[in-house]
Amino acid sequence: MPGIVEGRPKRTARYLPGITREDSDDELGTDDHPWEWIYEDESSEPGDAPQDGKKRKRTTTTTTTTTTTHNGEIIGARMGSFECYLGETMLLKAEGSNEAWVGIICDFQIDEDGEKAANFMWFSSQQEIRSAKKRTDYLENELYLTTSFDVNSLTTINGKAYVMSQAAFSKKYPGGKVSRKAKEFGKVFICRRGCNTRTCTYTDEFIWEDIYHGKEDIEALQEMIRRETKATRKARAAKADSPDRDYKAEAEAEQDGDYAPGLLRTPKKARTKDAVTPSSRRKPGASKPATPSSHRRILVKKHLEFTPLATRFLSPLNVQSSPYQLARTQLHVASVPTSLPCRESEFSLVYSHLEAAITDGTGTCIYISGTPGTGKTATVREVVSHLDAAVRADELDDFIFVEINGMKITDPHQSYSLLWEALKGQRVSPAQALDLLEREFSHPSPRRVPCVVLMDELDQLVTKNQGVMYNFFNWPGLRHSRLIVLAVANTMDLPERTLSNKISSRLGLTRITFPGYNHEQLMRIVQSRLEGVPGDIVDADAIQFAARKVAAVSGDARRALDICRRAVELAEADAKAAAANSPDETPNTPSKTPARKKEQESPQKSKKKPSAGRVTIETIRRAISEATSNPLQQYLRSLPFASRLLLTALSMRTQRTGLAESTFGDVLEEMQRMLKLAGESRPLTLLDRKATAPAAVNPATDSGLGLMGASSSSRKNTSQIIRPAGLSMAAVDLTGAGIINLEGQKPERPSKMRLAVGDEEVRLAFRDDPEIKAVGVIL
Ligand SMILES: Nc1ncnc2c1ncn2[C@@H]1O[C@H](COP(=O)(O)OP(=O)(O)OP(=O)(O)O)[C@@H](O)[C@H]1O
């Protein structure tokens, strides 16, 4: 097991947070003995509570595969003269951490690493309970029994712990303290409550000696804690009232980790978390995932009856004085829509994966891919905000959320620092953070709150050795991490390309692909953004026209929204101009104009609506042509062919790989590929106006910088060339104009290059370029 102390525990004083305790090496002795199983002898009584200190007849073995030679169950383990039994309370410790844990042995088994291990039911100290729900009445050495289990190697055992009620403690230690000289100093704890540490809910007070006598009580104890800590959770409150409620079935279905008391009694095969799929781990009573359009009522705790003025939220309807302003605001890509039409199934899928992982306390990695503007980020954020609402409504266990955007950090390694800060609130360097995260995720910590990480623009987090991507994909699979990674990228195969097929298939990513929107979907998206805008200022066919134009190219909602927003601006300007010409016309209320009134009263009579102040097909056309005739577009279109081809190849490469950065050599190869395809499908009509000496070069056989020959001998007549020097010059010119960023003064094959303008600008500029089309490129 990574990170856990192997072999002998260290002889150092260790502390349970807030509770001083001694190291227990004295109990385990100083010699390195192997751990041996202790089997129940047939003549011994099954289920004796080991805490009573009775000795039983037993047999032992040091091998892990000889269970068949023993008829009895494994009831304990021995290292030298130290023995521990099922149902006993133990102290455990972990390397690199000051923490020590107290847990009850529920089961012996062989762990995933083939080591002798035990499944522990944990106690928690009050320091480890997050949030403001900490109790204020805790005692110095008080522990809360939790519903969390964890399998740990026996080598982490550090001695025995003694748990008792407050009354028993006072009776045994009338002075209220365990003497420093006593053997059990630092190992005696009071337990009077159970706690669900992830929801921070507590059971009523109990008397430890009444409820726990030994291993036979574990199951009932678990059920009691689950029942009592759940009773305050609204989603399950109704169930608690049901007389038929089957706590045992629930307890089994809701196990943290894989342990179900009574189910796993032999060490023959350690169960792994992969044995159960996330969907089959869903609780029978768990709420169904909400879809954005389901409008599920989320019960949010209400503490105050009034909202202080300073934090009152005003609806845009109250602050937007005109329908145009409202439409512009709602169509803006930065505005957060109330729902995401056409993404219901993707929302459900992401929601159910996340809900299951948070509930089960497991890690998972979901890889989300799709072309730009297909709602990947918006959907994930929507899911997280619904999950957050569920937490606040006590329907879901608490979780931490952190967003890491590859575009917003200067160095991919900063992701480590961001994650550590989200987990612990401490700022450390990336190298330190990596070290701390490695330790954190490889150590058991049953109280760990699940962490959801959105890694957006993943392609920007690619590093030379792919360390960042590998770690973020790998950590969720570590048994103790409770890390849920949502990796968002534009291409489906980024993990395979950057990490190799072998590694990425081992990582077992859950993949969700977001397809581009078709025109009907884009129409619905725009229409939903215009809901509540008074005045009917946008024609339905105008929306359809915009949607069709965008769907034909990209299926990008961002682009459709941008075009429509610009069209609204144009219509608003028209309305203002019309109002200036006619004092009766009020630009803010187009429907109140006499012409509009008449038109609304008898729509049949006036077939053609007056366009001033409305968004019509014509307005959309203007918006599109404006977008395509801005100075950047004009500049791009006026570039020489070599530059246009270079940019096209770079854009193609960026789209194909999902990586913003390519080398000059990669881009040349991309051109070679394009030309080869074009050469196969149609005669080339490449023109390099700067070329002085046309020459035929076969693109299929030529390589390197001389690849730009256009044709084989059969197409000699149409062949033109672009010289390597032309391409290098084009790259230098484009760098100077700020269109691309290029590493170094002069392009070499390994020089890195990337677009410094939006990829969509390049596609827009050259989409209808006849010479680019002739190369067979469909942008
Ligand atoms: N189904 C939808 N309904 C409403 N708005 C949407 C929908 N899908 C996308 N949008 C809007 O389109 C814009 C782009 O969406 P988003 O950023 O989620 O796309 P993305 O797929 O993450 O793109 P990129 O890969 O470029 O980051 C946002 O303003 C978002 O609100």
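Predicted model: local features only at pLDDT ≥ 70, side-chain atom pairs only at ≥ 80, totals over all residues.
**Confidence**

The mean pLDDT of the protein is 73, and 68% of its residues reach 70 or more. Next I asked which element has the lowest mean pLDDT and which the highest.

I then noted two stretches to handle with care. Over residues 1–24 the pLDDT is below 50, and in the model this stretch has 89 contacts beyond near neighbours in sequence. Residues 231–314 also have pLDDT below 50; for them I found 133 contacts beyond near neighbours in sequence. For the model scores, I wrote down an ipTM of 0.99 and a pTM of 0.56.

**Ligand site**

I turned to the ligand and listed what surrounds it. The shell has 21 residues, and the closest are V333, P341, K376, T377 and Y517. By class, I get 10 nonpolar, six polar and five charged residues in this shell.

Which polar atoms lie 3.1 Å from an oxygen atom of the ligand? I found a polar backbone atom of T374 at that distance, and a polar backbone atom of G375 at 3.1 Å from a ligand oxygen as well. I also looked at R529, where a polar side-chain atom lies 2.7 Å from an oxygen atom of the ligand.

How much of the ligand does the protein bury? Taken alone, the ligand exposes 630 Å², and the protein buries 92% of that. I also checked which elements give two or more residues to the shell: they are α10 (376–392), α15 and α17 (557–581).

**Salt bridges**

I picked out one of them, between the side chains of D388 and R392, with an N to O distance of 3.6 Å. Both residues belong to helix α10. Because D388 and R392 are four residues apart in that helix, they are separated by about one helical turn.

Definitions and conventions: Residues numbered from 1 in each chain as written. Heavy atoms only, no water. pLDDT = per-residue confidence, 0-100. Contact = heavy atoms within 4.5 Å. Near = heavy atom within 4 Å. Polar contact = N/O pair within 3.5 Å; in protein donor to acceptor, adjacent residues only side chain to side chain. Areas by Shrake-Rupley, 256 points an atom, 1.4 Å probe, with all protein chains shown as cover. Nonpolar A, V, L, I, M, F, W, Y, C, P; charged D, E, K, R; others polar. Salt bridge = Lys/Arg side-chain N within 4 Å of Asp/Glu carboxyl O.
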